[in-house]
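Hi everyone, thanks for coming. I'd like to walk you through one structure today, so please have a look at it while I talk.

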Amino acid sequence: MAGQCPLRRGGLHAGFVHNYKSETMDLHDTIRTYRLFSGSYDIVFGPVFHPGRKEAVRIANDRPGQHILEVGVGTGLSLPYFRKDSRVTGIDVSEEMLAKARRRAERLRLSHVEGLHVMDAENLEFPDNSFDAVLALYVASVVPNPARFAAEMRRVCIPGGTIVVVNHFTSDNLVARFIEKRLAGVARHIGFHADFPFDAFRRDSQLSIREVRPSNLFGYWKLLRCVNEKPASNPG
Ligand SMILES: C[S@@+](CC[C@H](N)C(=O)[O-])C[C@H]1O[C@@H](n2cnc3c(N)ncnc32)[C@H](O)[C@@H]1O
């Protein structure tokens, strides 16, 4: 199952309600960009994003024996923070990022890491209601279709389960917003969309957001704690 995903590209933008992005980034852009970033990722994006990772894991993994999915697990920087009695699966589209995550799990003997698979967040190869909690850290503004990405997280998470998203959203500050708008044109080169409006994501993702916390440097990122509100019989 896992590791054999053909990274389906057809219909990537179907259901894309809000046009978040002045330049779209498809899976091939993402794979190419993170192949280039994988060598330096931990130095550039490691410690600076650790507060958000630790807090997200603490919120999602708050009980013994949980089965947890991390979407866009990257080089696995969050993996050491999960409880030893959890069972964690990570997925990512980048082979190179995942290779680093696998090495980390082996080096640190992270026996709670059950599997690390190449897979598209918008086409998860897991049955409905497979996980007690689902996390996506710094991924929402990278995927081509945030609505579909969120729908997949809701589908594979159990009813009443916890979904945690950490991301940067378009700033309220005029100067920062000016810079974000300029960066939006080069998304495919920097690997994420700097101009990513929170209100549109909240609406299109249909996530039941219970709490929004400032995260990382100057609270420039946000942590969204969500409860997966769906009837037990309805996976969507
Ligand atoms: C900014 S990095 C975040 C990595 C990690 N979550 C962290 O905390 O450092 C974004 C990650 O999302 C992955 N990604 C982007 N689009 C994806 C998709 N459609 N499906 C799965 N992973 C994706 C990238 O390959 C990259 O590893």
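Let's begin with F201, which has its place in helix α8, residues 198–205. Keep in mind as we go that this is a predicted model.

So, is F201 buried or exposed? F201 counts as buried because 24 other C-beta atoms lie within 10 Å, and the cut-off for that label is 20 or more. Which residues does F201 touch, once we leave aside neighbours within four places in sequence? The contacts are A140, P146, F169 and F196. Take A140: it sits 61 residues away from F201 along the chain, yet their C-alpha atoms are separated by 8.8 Å.

P146 is among the buried residues of α5. Helix α5 covers residues 146–156 and is mostly covered, with nine of its eleven residues buried. Besides P146, the buried set includes A147, F149, A150, M153 and V156, and also the charged side chains R148, E152 and R154. What do the buried residues of α5 pack against? They pack against the strands β1 (67–71), β4 (131–137) and β5 (157–168), and against α8, the helix that holds F201.

Now to another pair of strands. β2, residues 87–92, and β3, residues 113–118, run parallel and are joined by five bridges. Within that pairing, T89 stands opposite G115 in β3. How does the chain get from β2 to β3? It passes through helix α4, residues 95–107, and this β-α-β crossover is right-handed.

Finally, a word on confidence. The average pLDDT over the chain is 85, and 78% of the residues score at least 70. Over residues 1–18, though, the pLDDT is below 50, and this stretch has 33 contacts in the model beyond near neighbours in sequence.

That's my tour, and I'm happy to go back to any part of it.

Technical notes: Residues numbered from 1 in each chain as written. Predicted model: local features only at pLDDT ≥ 70, side-chain atom pairs only at ≥ 80, totals over all residues. Pairing = 2+ DSSP bridges. Helix = DSSP H or I, 4+ residues; strand = E, 2+ residues; numbered from the N terminus. Right-handed = clockwise from strand over helix to strand, strands pointing away. pLDDT = per-residue confidence, 0-100. Contact = placed C-beta atoms within 7 Å. Buried ≥ 20, exposed ≤ 12 C-beta atoms within 10 Å, placed from the backbone.
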